[in-house]
Amino acid sequence: MTKTKVKPAPVPAVQSRSQAPTMADVAELAGVSPMTVSRVMNGDTNVREKTRNRVDAAVAALNYVPNQAARRLAGSRPIRVGFLYSNPSAGYLSEFLVGLLNQASPNNVQLVVEKCEADEHGVEQARRLIANGVDGIILPPPLCDTRNLIDLIAASGTPAITVACGQPDSRVGGVSIDDYQAAYAMTCHLIALGHQRIGFVIGHPNQSASARRLAGFKAAIAEKHVQSAPELIVQGQFTYRSGLDAAESLLGLAQRPTAIFASNDDMAAAVVAIAHRLGLDVPGDLTVAGFDDTALATTIWPELTTVRQPITDMAEEAVQSLVRLIRAERNGTPEEPRHVVTKHTLIRRQSDAAPRLRPSAKIAGKAK
């Protein structure tokens with residue numbers, strides 16, 4: 001009798017491996033990067049459906065199971081985050097710190113807070129933090145615009161997030177609002193109230209957000225065909241003191257503006273103070289608008305109409321984004337830094353109104 005040989009059932013290729021399939025194997029089969037696989041596994045909604053389906057099919061074909069134990073071990077290690085700051089606005093810094101602290105404990109983050117200047121001192125501070133082994137760095141304004149500082153951090157391979165940078169660097173992550181659109185919207189609001197002569201106080205010249213806000217203001221003025229004059233735009237520094245100087249300049253004009261839009265709340269508060277000193281009613285004689293919606297906006301009288309930049313939320317998002325980058329790197333699936341744009345809001349309070357129409361008068365020897 002002739003014996004019939006029974007062929008063994010084909011064994012899937014994956015079972016012939018000496019080791020379990022890895023994320024790199026899934027990426028190779030799906031024709032994507034390991035970073036994309038990681039995003040799909042973590043439920044990232046920014047991945048295209050077609051790509052997600054390819055990854056899911058590769059995961060099923062390879063019977064890939066993430067090493068959860070290794071993930072938990074990597075996720076349980078504390079994360080040391082360096083926070084460098086050099087901001088003249090106490091209100092801005094206070095709200096920023098609240099956001100950092102809100103997310104530090106839930107994410108097992110240890111904050112290392114360092115004050116520095118936006119020059120070589122900042123670079124040295126960052127170099128020291130990196131040498132001391134911080135896992136990541138957060139840079140608020142104005143440090144988010146310091147090119148040599150970002151060059152150093154990027155070259156070291158240290159994950160970093162910039163916050164409120166008008167022109168984010170692709171080498172690091174970013175969280176910001178659209179400063180151009182925010183300033184454009186506020187200017188359009190003032191024009192809609194009936195103001196045809198609007199003064200503008202620029203922020204610090206070394207910050208890209210300042211240029212974006214100025215551009216938004218100018219765009220609205222040009223589009224709505226409102227009166228434009230060089231003397232209506234005055235340089236500030238984002239400080240209360242610079243706001244006082246700017247207000248004195250604008251309100252000392254022979255034909256003063258009926259509204260002043262300042263690039264932050266500190267300078268707007270200074271404009272209100274000068275208006276009071278000159279005996280002007282706000283908003284009866286002068287509308288004043290700010291930017292940021294810090295605590296100062298509701299502690300002066302009248303309370304400021306302003307653009308709400310969600311500073312606390314942006315700081316929270318910065319921590320979360322940085323933690324994701326660091327944990328992905330620890331898991332061996334590094335992610336590309338991303339730029340998150342958060343929503344701004346125009347907040348109306350008591351400092352804005354339609355311009356008052358009445359005969360010319362004299363105030364402190366100046367034509368009104």
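**Strand pairing and burial**

Tutor: Let us begin with one residue pair in this predicted model: Gly 174 stands opposite His 339 in β11.

Student: Why are β2 and β11 called edge strands?

Tutor: The open sheet has six strands, in the order β2-β1-β3-β4-β5-β11, with parallel pairing. β2 (109-115) and β11 each have a single partner strand, so one side of each is left without a neighbour in the sheet. From one strand to the next, the twist averages 20°.

Student: How do you know that both faces of β5 are covered?

Tutor: In a regular strand the side chains alternate between the two faces of the sheet. In β5 (residues 173-176), Gly 173 and Val 175 lie on one side, Gly 174 and Ser 176 on the other, and all are buried.

**Helices on the sheet**

Student: Which strands does helix α12 lie across?

Tutor: Helix α12 (residues 311-330) lies across β1, β2, β3, β4, β5 and β11, running at about 165° to β4. Helix α7 (residues 147-156) lies across β1 (79-85), β3 and β4, and its angle to β3 is about 165°.

Student: Why is Ala 126 called buried?

Tutor: The term requires a relative accessible area under 20%. Ala 126 has a value of 0%, and is therefore buried. Ala 126 is found in helix α6 (residues 120-131). Setting aside residues up to four places away in sequence, Ala 126 touches Leu 84, Leu 149 and Leu 152.

**The cavity**

Student: What makes a space a cavity, and how many does this structure contain at 30 Å³ or more?

Tutor: A cavity is a set of points where a 1.4 Å probe fits but cannot get out. The search of the whole structure finds one of 30 Å³ or more. About 130 Å³ of space lies in the largest cavity. Its lining includes Asn 87, Tyr 92, Arg 213, Phe 238, Asn 264 and Asp 292.

Student: Is Asn 264 buried or exposed?

Tutor: Asn 264 has a relative accessible area of 3%; the limit for a buried residue is under 20%, and so Asn 264 counts as buried. Asn 264 is in the loop between β8 (259-262) and α11 (265-277). Among its contacts, not counting residues up to four places away in sequence, are Phe 238 and Asp 292.

**The whole chain**

Student: What share of the chain is buried?

Tutor: Of the 368 residues, 51% are buried. The chain has 12 helices and 14 strands. Among contacts with a separation of 6 or more, 74% join residues 24 or more positions apart.

Definitions and conventions: Residues are numbered from 1 along each chain as its sequence is written. This is a predicted model: local features need pLDDT of at least 70, side-chain atom pairs count only at pLDDT 80 or more; totals for chains, interfaces and linings use all residues. Side-chain values use heavy atoms; hydrogens and water are left out. Helices (H or I, at least four residues) and strands (E, at least two) are DSSP runs, numbered from the N terminus. Buried means under 20% relative accessible area, exposed over 50%, partly exposed in between (1.4 Å probe, protein chains only). Contact means heavy atoms within 4.5 Å. Two strands pair if DSSP finds at least two bridges between them. Axes are lines fitted to C-alpha atoms, for helices over the stretch in contact, and angles run from 0 to 180 degrees between N-to-C directions. On a 1 Å grid over the protein atoms alone, a cavity is a set of points where a 1.4 Å probe fits but cannot get out, and a pocket is an open set with protein on both sides within 12 Å along at least five of seven lines; lining residues have an atom within 4 Å of a point. Grid points are joined across faces, edges and corners, and a volume is the space filled by probe spheres set on the points.
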